[in-house]
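Come along while I look things up.

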Amino acid sequence: MDTSNPAVFVNAELLKLHIGRKIRAVFQVTKSDGGVVTGKSTDEQELTVHGLPKVPLMNFVEVIGIAESNKIINVEHSTDFGNTFDAQSYNQLCQLANGEFKSIFL
């Protein structure tokens, strides 16, 4: 397993701190238009994701990719989590992974 370039756990609020870096985020798909998908992050903000394969509306998707801006992610890998996911717990994980317990995650 390659650990030289880990993906940071982020929500939309934390995305802006990691522009240009590899990130990991979960969002719920609200609109899909050819390889560009719009969705709601686990902290209730809108994200745009480029390069995501077709995913059903309202499904939760984890993406690993590069944060292009504070609202745009270019996807390298994705996992469809279906339409049930605990977004609140994931959001808390993002806070921990970027705060007090950052050293454990990076």
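First I noted the terms for exposure: buried means under 20% relative accessible area, exposed over 50%, and partly exposed in between (1.4 Å probe, protein chains only). I keep in mind that this is a predicted model, where local features need pLDDT of at least 70, side-chain atom pairs count only at pLDDT 80 or more, and totals for chains, interfaces and linings use all residues. Residues are numbered from 1 along each chain as its sequence is written, and side-chain values use heavy atoms, with hydrogens and water left out.

**Entry one: Phe 101.** I looked up Phe 101 and found a relative accessible area of 33%, so this residue is partly exposed. I located Phe 101 in the loop between helix H2 (87-97) and helix H3 (102-105); helices are DSSP runs of H or I with at least four residues, strands are runs of E with at least two, and both are numbered from the N terminus.

**Entry two: the rings.** Which residues form one aromatic cluster? I listed Phe 9, Phe 60, Phe 81, Phe 85, Tyr 90 and Phe 105. Rings of Phe, Tyr and Trp (its six-membered ring) pair if their centres lie within 6.5 Å; planes under 30 degrees apart count as stacked, over 60 as edge-to-face and the rest as tilted. I get five aromatic pairs by this rule. Phe 9 and Phe 105 are edge-to-face, because their ring centres are 5.7 Å apart and their planes stand at 80°. Phe 9 lies in strand S1 (residues 8-9) and Phe 105 in helix H3, so the pair ties together parts 96 residues apart in sequence.

Phe 9 has 19% relative accessibility, so I count Phe 9 as buried. Phe 105, with a relative accessible area of 28%, is partly exposed.
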